[in-house]
Amino acid sequence: MTDQAPALMILVPVFASLALTLIGPLGHRAAYGLLIVSIAISLASALATMVQVVQTGQSVHYRMGDWIPPMGIELVIDHLSAVVLVLISACALLTAVYSMHTARQDNPDRLNHYYALFALLVAGLLGMTATGDVFNLYVLLEISALSSYGLLARGKGKAYYATFRYLIMGTIGASFYLLGVGYIYIMTGSLNMADLAEILSRPELEASVSVRIGFSLIILGVWIKMALFPLHAWLPNAYSRAGTTTACLIAPLMTKVSVYIMLRIMFTVFSADYIFQQIAWSHLVIYLASAAAVLGMITALSQRDLRKMLTYIIVAEIGYLTGGAWLANTAGYTGAVYHILADGLMTLCLFMAVGAIIYRTGQSTAAAMQGIFQRMPVTASVFLIAAASVVGIPPTCGFFSKWYLLQGAVQAGAWVFVAALIIAGLVAAVMFFRLLEMAFFGRLEDAVSENGTENPHAVPPKIRLEEVPLTMLLPLVISGAALFGLGIYTNEVVQYLIRWSVPAGI
Amino acid sequence: MDELFYFIIAKYNYWAALVLLFIGLFGMIVRNNLMKKIIGMVIFQTAILLFIVSIGVKRGATVPILKFSPDKQPLLDATAYANPLPHVLILTAIVVGVAILGVALALLQKIQRVHGTIEEDEILEDMRK
Amino acid sequence: MILDILIILMMLSGLLFFLATTVGIIRFPDFYSRVHAAGKGDTLSTTLFLGGAILFILRDFSGENLLTAGKLMLIVFYIFIASPTATHAIIDAGYEFRVPYWTRSSGKKGAEGDESNEENMDNGFYPEDLKG
Amino acid sequence: MTWDTSLLWQFDILILLMMVICAVTALALEGLLSSAIVTGAYSFLICLMWTHMMAVDVAFTEAAVGAAISTVLFLGTAQYINRWIKKERPREQGIKQITLVIAVICAVMMLSATRDLPDWADPDSPASTHLSPGYIEQGYFETATPNVVTAVLADYRSYDTMFEAVVVFAAALVVMVILRRTSHKHRKLLHLRPKREGRDTILRGAAQSIIPVMQIFALYVLFHGHYSPGGGFQGGVIFGASFILLALCYNLKFSMNRFREHAVLWCCAGGVLLYAGIGAVCLGLGWSFLGYGALAGILGVSEVMARSHGILAVEIGVGITVMAVMVSLYNDLASGGDLEDGL
Amino acid sequence: MNLEPFFIVMVVAILFLMLCNLYRVVAGPTVIDRMLGVNVIGIKTTVLIVLIGIIDGRVEMFIDITLAYALLNFITTLAAARFYQRISQPAPSQPEESLVAPSAGPEVKEAKAPEMESDAGRKEIP
């Protein structure tokens with residue numbers, strides 16, 4: 001069955017979503033179980049594929065409908081996509097387990113349809129990562145976008161307008177992508193990534209303006225989708241109004257997969273040589289990335305709402321990733337790919353922790369953090385780990401990814417990016433220090449006194465453990481542990497997975 | 001002059017598609033009314049589809065459905081048929097467009113119910129409250 | 001040869017009716033007369049055109065062409081049903097909305113000539129909702 | 001320098017001119033309903049354009065969608081929104097102007113770069129010489145389907161098409177999740193349709209004569225997709241349109257009695273399930289996903305014919321899904337989500 | 001006799017008439033006038049597709065599109081007519097604008113309801 005794993009990974013969630021649509025009468029437990037089982041199968045397939053890729057050292061090809069590639073569509077799973085596939089299915093599985101209580105809370109009705117969209121989104125993301133065909137990527141991009149519109153619109157009262165703006169921006173992004181594919185198709189006549197790479201490397205196309213326009217349009221479309229700095233305005237609004245489960249699913253994955261698409265287009269369809277020698281925009285992009293990192297973090301610092309703060313951290317992290325990818329050297333590329341993993345996990349971890357806090361305290365402002373260490377020690381510790389990872393403190397994986405990025409930036413002589421990385425790290429440190437101070441030392445009375453019922457002579461209230469239910473705590477702890485684990489096994493991850501995917505020419 | 005005429009005749013399809021594209025983009029970005037944004041989106045998408053379908057045109061070619069000679073043998077001359085691949089892509093893209101249109105209209109109805117308006121600036125004002 | 005001339009004649013007369021429809025749609029002063037022009041002229045000229053097409057297809061007679069001609073006749077038949085129905089529905093809506101109709105006296109309210117009259121009707125008389 | 005006049009560039013330029021007029025009008029008009037209707041005219045023109053570009057399958061889809069679905073969805077939504085844009089022009093925001101300037105620069109650059117693209121209708125362009133001859137020349141021998149578009153759509157690129165069906169399914173689901181209310185406690189926005197028994201006779205008579213033909217035609221389009229333009233999507237839209245017509249001539253309740261709510265949902269998912277299920281059967285038989293050749297053993301035919309039958313089966317799946325989704329979209333959007341009374 | 005030039009002339013002539021009809025679509029003045037214009041353009045489209053098919057020489061491939069138009073074209077017109085029949089009824093005692101607005105109240109409450117239920121932990125803060 002291993003040779004069918006690439007197809008199963010994508011199809012099982014599709015089947016699950018069809019079934020979830022129809023099993024409404026069976027109740028939410030059946031839906032929850034079915035969702036978890038299907039995503040677990042996906043994860044198992046992704047892991048099996050990754051093992052196969054690592055063992056053979058070659059990419060796995062799966063021909064849809066048994067057609068030979070340029071004619072038919074094939075799935076190509078190399079080291080890079082194997083890693084991202086495992087990341088997606090693992091994050092989705094953790095979120096699915098986590099969703100037991102929060103999803104019901106956010107969706108008093110139509111929970112099974114919500115879960116069906118959840119499964120479709122996962123299928124779309126996995127499909128985007130696995131495909132080897134540029135048009136197929138567009139279709140899957142739209143599937144994941146459509147299902148995320150549905151998920152985001154289930155958020156709090158005014159989420160509809162935020163979702164609408166996301167829809168408009170998402171459609172512009174996807175349409176630019178499609179137009180870029182059209183330009184490239186005119187000049188090459190092919191849609192298969194490997195075939196395109198072969199044709200585009202011919203000397204007569206290197207100077208072609210149309211190919212260049214096609215490349216720019218695709219990259220622009222992907223940037224809109226991943227909310228790179230000047231194009232990021234839709235993201236914080238859409239994500240911060242979403243329900244907890246939705247935020248935990250979409251925030252870590254959507255933007256990371258877009259970054260993955262950017263890497264795929266840059267280095268698989270085009271080549272490092274073409275991008276860094278022929279087009280030579282990298283300075284401009286690195287400036288954008290630096291601006292994204294610094295301004296994203298500073299805006300995050302100025303937010304009072306926890307969820308909004310985290311969404312601006314995503315904007316900043318996108319800056320790191322884009323910068324790393326455009327540094328044009330091995331360390332930068334390694335840093336970017338490693339940071340996809342690290343950032344996916346730590347964003348998931350942060351959103352889950354904040355979701356847990358919101359679930360217990362019912363509020364999402366920074367004041368909700370008061371005395372969290374006393375009331376919810378496990379959640380708070382995991383939050384601490386994730387914060388350490390965002391700031392970049394050694395045993396966590398965030399440190400290593402930043403280390404690689406810094407190394408790459410120094411090698412490339414991109415001092416702006418070096419400065420941006422350091423400043424952003426410091427700003428993040430300040431921000432989390434403020435929060436954690438509240439969490440450690442903020443007393444529960446402070447929270448009470450805000451309600452105007454302060455009584456200085458009152459006996460300090462008895463501290464109660466108010467941890468969230470086990471289904472929420474377990475994924476939280478696992479993701480926190482994964483941040484440590486990934487940090488400890490950095491060498492292995494880089495050596496067995498990422499180093500293999502470094503493209504030729506950088 | 002002849003050169004220019006030839007240039008116009010040979011490229012006008014791309015020009016028209018790009019002009020429509022930017023008209024649609026204008027509607028999506030600049031218009032204040034959300035319904036206008038949706039209409040701009042429809043125009044924008046169709047312009048891209050027009051661009052891609054026009055790739056498939058070949059001079060003197062017929063529809064990409066095989067012709068048969070009287071003795072039931074297919075005539076397999078690739079230059080006699082239009083390129084089928086862009087048609088396939090666009091069929092899929094039209095379907096995607098309808099799907100997005102439906103979702104956008106549903107969101108529009110909800111926005112009207114929640115905010116009482118579909119003008120962007122009024123909605124922003126309402127959200128600030 | 002005679003068939004060819006017949007085809008040309010049918011299509012030319014079809015074009016003539018299309019022209020009449022167009023003139024009617026552009027120049028008639030009120031909604032009802034415009035619908036009248038469109039409903040009648042278009043149905044007739046479509047029939048003439050498609051009739052010409054049927055004759056053209058049947059010029060070289062074969063089973064396949066007969067099928068195509070049959071489909072074309074079906075099209076003519078359904079345009080004959082659908083087009084007047086649509087016209088009916090649309091005029092019903094206008095009537096229920098009390099769209100004003102043109103009379104000699106309402107025409108005289110404006111300045112001389114049809115044009116200004118039409119303008120007059122355009123700007124003044126229609127309910128706001130219908131202009132949306 | 002030779003130009004083949006058989007392509008009728010005058011024709012194209014006229015249509016494109018009209019399309020630009022329509023696009024500008026649709027964006028400029030103050031009434032939203034008018035804009036929606038002008039968009040309908042735009043759809044007719046683009047269908048003509050595609051017919052002239054010999055993209056009959058695409059034109060067919062546009063005909064079905066543009067003539068029956070999009071405008072009806074717009075009109076259904078128009079019941080529940082303000083139908084006028086604000087008279088006073090809002091202050092243009094600075095960021096929008098910057099975006100506009102960037103867009104204009106991009107437009108000029110892209111227009112000037114068209115010199116680099118191959119001439120229109122050039123038979124020697126890379127797009128026409130790389131992959132497509134393969135599809136045209138081998139397609140018939142590998143799938144026994146004369147309509148190359150159907151063969152590519154449902155066999156060579158059937159994985160795409162499956163996700164196309166999933167996209168429409170997702171759209172129905174998303175609209176349901178956003179709009180549909182389970183409780184009926186909300187006051188309806190517009191009052192119920194007045195009793196007009198006598199005056200609807202003409203419409204109902206027309207509908208009674210057209211709807212059966214429409215449904216038979218839809219099935220014909222679906223099953224004849226191998227030999228003529230058409231296929232699952234077009235057939236599904238036409239079939240769905242017949243229910244919309246029913247709802248328009250009678251009322252929503254009437255059409256929902258014919259095609260009930262849960263049946264719509266089952267069909268939405270069932271069509272995709274049929275499609276993906278066939279793929280999974282192939283996978284189970286040891287072939288790749290959607291490798292219809294695997295069905296040869298079950299059906300007792302040659303591999304090529306098995307592919308042909310596989311194409312038909314997945315087209316039926318697409319047709320079922322699309323039909324149900326179009327009905328579902330109409331039901332939700334035209335009734336504002338409460339499924340009480342549509343247009 | 002080769003009729004192809006004649007058909008080409010017909011096609012271009014019909015297109016010019018269509019351009020004239022577009023005036024009614026663009027200028028209005030009412031929505032149903034525009035609707036009428038669109039309907040007429042639709043019928044001309046039907047004829048044009050058949051003529052293009054004849055010029056191409058494979059009219060049987062184009063007929064289905066025309067049949068689809070013949071069957072579907074009046075759905076849009078019918079929908080617009082229905083729409084106007086609906087809003088032309090005397091509105092019950094309020095202007096039309098406010099017919100839409102009132103539901104904003106319950107809707108917001110509905111959307112906020114889940115938040116209110118989520119206070120399982122909040123009660124326990126002393």
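## Chain contacts and enclosed space in a predicted model

Across the interface of chain E and chain D, 4 residue pairs are in polar contact, both residues of each pair at pLDDT 80 or more. The model is predicted. The side of chain E that touches chain D draws two or more residues from each of α1 (4-27), α2 (31-56), α3 (63-87), α4 (96-100) and α5 (104-117) of chain E. Of these elements, α3(E) gives the largest share, 20 residues. Sorted by class, this side of chain E has 40 nonpolar, 7 polar and 9 charged residues.

The extent of this contact was also computed. Chain E brings 56 residues to the contact and chain D brings 67 residues. Together the two chains bury about 5,700 Å². Carbon and sulfur atoms account for 76% of that area. Within chain E, the residues that lose the most area to chain D are E:Arg82, E:Phe83 and E:Arg86. These three residues together make up 15% of what the chain E side buries. Between chain E and chain D the count of salt bridges is 0.

Chain D also meets chain B. Here the contact takes 88 residues from chain B and 99 residues from chain D. The buried area is about 8,900 Å² between the two chains, with 75% of it on carbon and sulfur atoms. On the chain B side, B:Tyr12, B:Arg59 and B:Gln109 lose the most area to chain D. Together they supply 9% of what that side buries.

Polar pairing between chain B and chain D comes to 19 residue pairs in polar contact, with both residues at pLDDT 80 or more. At least two residues of the side of chain B that touches chain D come from each of α1 (2-30), α2, α3 and α4 (120-128) of chain B. The largest share comes from α3(B), with 24 residues. By class, this side of chain B holds 60 nonpolar, 16 polar and 12 charged residues.

Over all chains, the count reaches 14 salt bridges. Between chain B and chain D the count is 1 salt bridge. In this salt bridge the side chains of D:Asp119 and B:Lys11 meet at 3.1 Å, N to O. D:Asp119 lies in the loop between α4 (94-112) and α5 (126-129) of chain D, and B:Lys11 lies in helix α1 of chain B, so the pair joins two chains.

The structure holds 18 cavities of 30 Å³ or more. The volume of the largest cavity is about 280 Å³. Its lining has 20 residues. Closest to the centre of the cavity are B:Val42, B:Thr46, D:Glu62, D:Val65 and D:Ser70. Two or more lining residues come from each of α2 (34-53) and α3 (84-115) of chain B, and from each of α2 (32-52) and α3 (56-78) of chain D. The element that gives the most to this lining is α3(D), with 6 residues. The lining of the largest cavity divides into 10 nonpolar, 9 polar and 1 charged residues.

The largest pocket contains about 1,700 Å³ of space. The pocket is lined by 45 residues. Those closest to its centre are A:Leu220, A:Ile224, A:Leu231, D:Thr99 and D:Ile102. Chain A supplies at least two lining residues from each of α6 (159-188), α9 (209-226) and α13 (282-301). The largest share of the pocket lining, 10 residues, comes from α4(D). By class, the pocket lining has 36 nonpolar, 4 polar and 5 charged residues.

Conventions
Residues numbered from 1 in each chain as written. Chains lettered and ligands numbered in written order. Predicted model: local features only at pLDDT ≥ 70, side-chain atom pairs only at ≥ 80, totals over all residues. Heavy atoms only, no water. Contact = heavy atoms within 4.5 Å. Buried area = accessible area lost by both parts, 1.4 Å probe. Salt bridge = Lys/Arg side-chain N within 4 Å of Asp/Glu carboxyl O. Polar contact = N/O pair within 3.5 Å; in protein donor to acceptor, adjacent residues only side chain to side chain. Helix = DSSP H or I, 4+ residues; strand = E, 2+ residues; numbered from the N terminus. Nonpolar A, V, L, I, M, F, W, Y, C, P; charged D, E, K, R; others polar. 1 Å grid on protein atoms, 1.4 Å probe; cavity = no way out; pocket = protein on both sides within 12 Å on 5 of 7 lines; lining within 4 Å. Points joined across faces, edges and corners; volume = space filled by probe spheres on them.
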